[in-house]
Amino acid sequence: MNYATYDYYTKDFGGEIIPESSFASASAKASRYIDALTAGKAKDYAEQEAVKNAVCAAAEVAYRYAVSDKQTIETGNKASETIGSYSVTYRQSASNAQTYSESKSFTDQLNNEMYAAAALYLFSTGLLYRGIDYDYECGCNDLSINGVRI
């Protein structure tokens with residue numbers, strides 16, 4: 001489920017980074033991420049501005065990473081490229097290899113940035129809470145499976 005439309009992204013969120021042709025994909029990735037981040041609770045609050053804003057912010061991060069990854073794949077670390085008898089040479093240096101191995105993985109960086117972008121909007125909603133709610137009516141922790149207390 002996509003929680004934000006391109007119209008919402010441009011008009012209400014004020015987004016300018018993602019072109020309309022790429023928004024559906026970036027929004028779908030961000031919506032899945034928000035679902036995972038909120039343990040599925042976001043779907044019950046899909047119309048909340050905070051959820052839509054979190055998706056838009058995370059979608060911008062996902063889009064930036066997708067564009068960056070595509071550019072890296074297309075250009076890579078090319079040292080030279082010859083067209084006649086097609087030939088491509090890539091740069092390989094010890095410092096590049098060392099920097100890559102010491103840095104966080106691409107996925108970790110993406111997840112960290114998406115979390116930072118989305119959490120800004122979700123912190124005050126309670127959707128990031130993963131603890132156990134206390135039931136003041138019965139004086140017990142609300143431990144239940146499919147509505148049956150355990």
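**Helix packing and burial in a predicted model**

Reader: Is Ser27 buried or exposed, and at what relative accessible area?
Author: The model is a predicted one. Ser27 lies in helix α2. A residue counts as buried under 20% relative accessible area. Ser27 is therefore buried, and its relative accessible area is 0%.

Reader: Which residues is Ser27 in contact with, leaving aside its neighbours within four places in sequence?
Author: Glu60 is 33 residues from Ser27 in sequence, while their C-alpha atoms are 8.4 Å apart. With neighbours within four places in sequence left aside, the residues in contact with Ser27 are Asn2, Ala4, Val55 and Ala59.

Reader: How many helices and strands are there in the protein chain?
Author: Along the sequence the pattern reads α-α-α-β-β-α-α-β-β-β-β. The count for the protein chain is 5 helices and 6 strands.

Reader: What percentage of the contacts in the protein chain with a separation of 6 or more comes from residues 24 or more positions apart?
Author: The protein chain has 150 residues, of which 29% count as buried. Among its contacts with a separation of 6 or more, the part from residues 24 or more positions apart is 61%.

Reader: Are α2 and α5 roughly parallel or roughly perpendicular to each other?
Author: Two packed helices are described by the angle between their axes and the distance between the axes. For α2 (residues 20-37) and α5 (residues 106-122), the axes come within 11 Å and cross at roughly 70°. Angles of 65 to 115 degrees count as roughly perpendicular. The relation of α2 to α5 is therefore roughly perpendicular.

Reader: Which residues of α2 and α5 make the contact, and how do they divide by class?
Author: On the α2 side they are Lys29, Ala30, Tyr33, Ile34 and Leu37. On the α5 side they are Asn111, Met114, Tyr115, Ala118 and Leu122. By class, this contact has 8 nonpolar, 1 polar and 1 charged residues.

Reader: Which residues of α5 are buried?
Author: Helix α5 has 17 residues and spans 24 Å from first C-alpha to last, close to the 24 Å expected at 1.5 Å a residue. Its buried residues are Leu110, Met114, Ala117, Ala118, Ala119 and Leu122.

Reader: Which element gives the most to the largest nonpolar core?
Author: That core has 33 residues, and those with the most contacts inside it are Ile18, Ile34, Leu37, Met114 and Leu122. The elements giving two or more residues to it are α1 (6-11), α2, α3 (49-75) and α5. With 11 residues, the element that gives the most is α3.

Reader: Where is Thr38, and which residues is Thr38 in contact with beyond its neighbours within four places in sequence?
Author: Thr38 sits in the loop between α2 and α3. Its relative accessible area is 0%, so Thr38 is buried. Leu122 is in contact with Thr38, and also with Ile34, Leu37, Ala50, Val51, Ala54, Leu127 and Leu128. Leaving aside neighbours within four places in sequence, the contacts of Thr38 are Leu122, Leu127, Leu128 and Arg130.

Reader: What is the phi of Ala39?
Author: Ala39 lies in the loop between α2 and α3. Exposed means over 50% relative accessible area, so Ala39 at 53% counts as exposed. Most residues other than glycine have a negative phi. Ala39 is not a glycine, yet its phi is positive, at about 55°.

Terms used:
Residues are numbered from 1 along each chain as its sequence is written. This is a predicted model: local features need pLDDT of at least 70, side-chain atom pairs count only at pLDDT 80 or more; totals for chains, interfaces and linings use all residues. Side-chain values use heavy atoms; hydrogens and water are left out. Axes are lines fitted to C-alpha atoms, for helices over the stretch in contact, and angles run from 0 to 180 degrees between N-to-C directions. Angles under 35 degrees count as roughly parallel, over 145 as roughly antiparallel, 65 to 115 as roughly perpendicular and the rest as oblique. Contact means heavy atoms within 4.5 Å. Ala, Val, Leu, Ile, Met, Phe, Trp, Tyr, Cys and Pro count as nonpolar, Asp, Glu, Lys and Arg as charged, and the others, Gly among them, as polar. A nonpolar core is a set of buried Ala, Val, Leu, Ile, Met, Phe, Trp, Tyr and Cys residues joined through side-chain atoms within 4.5 Å. Buried means under 20% relative accessible area, exposed over 50%, partly exposed in between (1.4 Å probe, protein chains only). The expected span of a helix is 1.5 Å times one less than its number of residues.
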